[in-house]
Amino acid sequence: MFKLIMTWNIREGKEAEYLEFLNRDFVKMLESINIQPTGAWYQVWGHGKQVLAGGATADYETMDKALESETWHTFQEKLLTYVTDFEMKVVEATGGFQL
């Protein structure tokens, strides 16, 4: 199993639009490209990115195909209108909380 780990900060003044986009499109988009959402965390205080979100696939080939898809690229472009400092990585899932 492979996990997609994404982190970002929400653009100042875009919070309401971001939350609407997240609730309306985020899970549907991941599922449409065969990535199963595994969780999302919002940091209220402390240092680091505001949001950490993840999704998983059964194998690397599925993850690679998903991240090369036009759907993913379109989604990422739209997400970047609401967030800054976007980073992502794919790791082999270990079954616990991963950064």
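Contact means heavy atoms within 4.5 Å. By that rule, Lys 14 touches Thr 81 and Tyr 82, leaving out residues up to four places away in sequence. This is a predicted model, in which local features need pLDDT of at least 70 and side-chain atom pairs count only at pLDDT 80 or more, while totals for chains, interfaces and linings use all residues. Residues are numbered from 1 along each chain as its sequence is written, and side-chain values use heavy atoms, with hydrogens and water left out.

**Overall fold**

- The chain has three helices and four strands. Helices (H or I, at least four residues) and strands (E, at least two) are DSSP runs, numbered from the N terminus.
- Along the sequence, the pattern reads β-α-β-β-α-α-β.
- The radius of gyration of the chain is 13 Å, which agrees with the value near 13 Å for a compact globule of 99 residues. This radius is taken over C-alpha atoms, and the globule rule is 2.2 Å times the number of residues to the power 0.38.
- The C-alpha trace spans about 40 × 30 × 20 Å along its principal axes.
- Take the contacts between residues at least 6 apart in sequence: 72% of them join residues at least 24 apart.

**Surface and charge**

- Buried residues make up 34% of the 99 in the chain. Buried means under 20% relative accessible area, exposed means over 50%, and partly exposed lies in between (1.4 Å probe, protein chains only).
- The accessible surface of the chain is about 6200 Å², and 53% of this belongs to carbon and sulfur atoms. Areas come from the Shrake-Rupley method with a 1.4 Å probe; for residues, only the protein chains shown count as cover.
- The chain carries 9 positive and 15 negative charges, and their mean positions are 4 Å apart. Lys and Arg count as positive, Asp and Glu as negative; His and the chain ends are not counted. Each charge is placed at NZ of Lys, CZ of Arg, CG of Asp or CD of Glu.

**Thr 57 and Asn 34**

- Thr 57 belongs to strand 3 (residues 51-57). Thr 57 is buried, at 2% relative accessible area.
- Beyond its neighbours within four places in sequence, Thr 57 contacts Met 1, Phe 2, Asn 34, Ile 35, Thr 62 and Met 63.
- The Thr 57 side chain also reaches the backbone oxygen of Asp 59 at 2.9 Å. A polar contact is a pair of N or O atoms within 3.5 Å; within protein, one must be able to donate a hydrogen and the other to accept it, and residues adjacent in sequence count only if both atoms are side-chain atoms.
- Asn 34, one of the contacts of Thr 57, sits in the loop between helix 1 and strand 2 (36-42). Asn 34 is exposed, with 54% relative accessible area.
- The phi of Asn 34 is near 70°, a positive value in a residue other than glycine.

- Thr 84 lies in strand 4 (residues 83-92) and is partly exposed at 25% relative accessibility.
- Not counting residues up to four places away in sequence, Thr 84 touches Trp 8, Asn 9 and Arg 11.
- Thr 84 and Gly 95 are 11 residues apart in sequence, with 28 Å between their C-alpha atoms.
- Asp 85 is also in strand 4. Its phi is positive, about 55°, although Asp 85 is not a glycine. Asp 85 is partly exposed, at 44%.

**Lys 14**

- Lys 14 lies in the loop between strand 1 (2-10) and helix 1 (15-32). Its relative accessible area is 28%, so Lys 14 is partly exposed.
- Lys 14 and Ala 40 are 26 residues apart along the chain, and their C-alpha atoms are separated by 18 Å.
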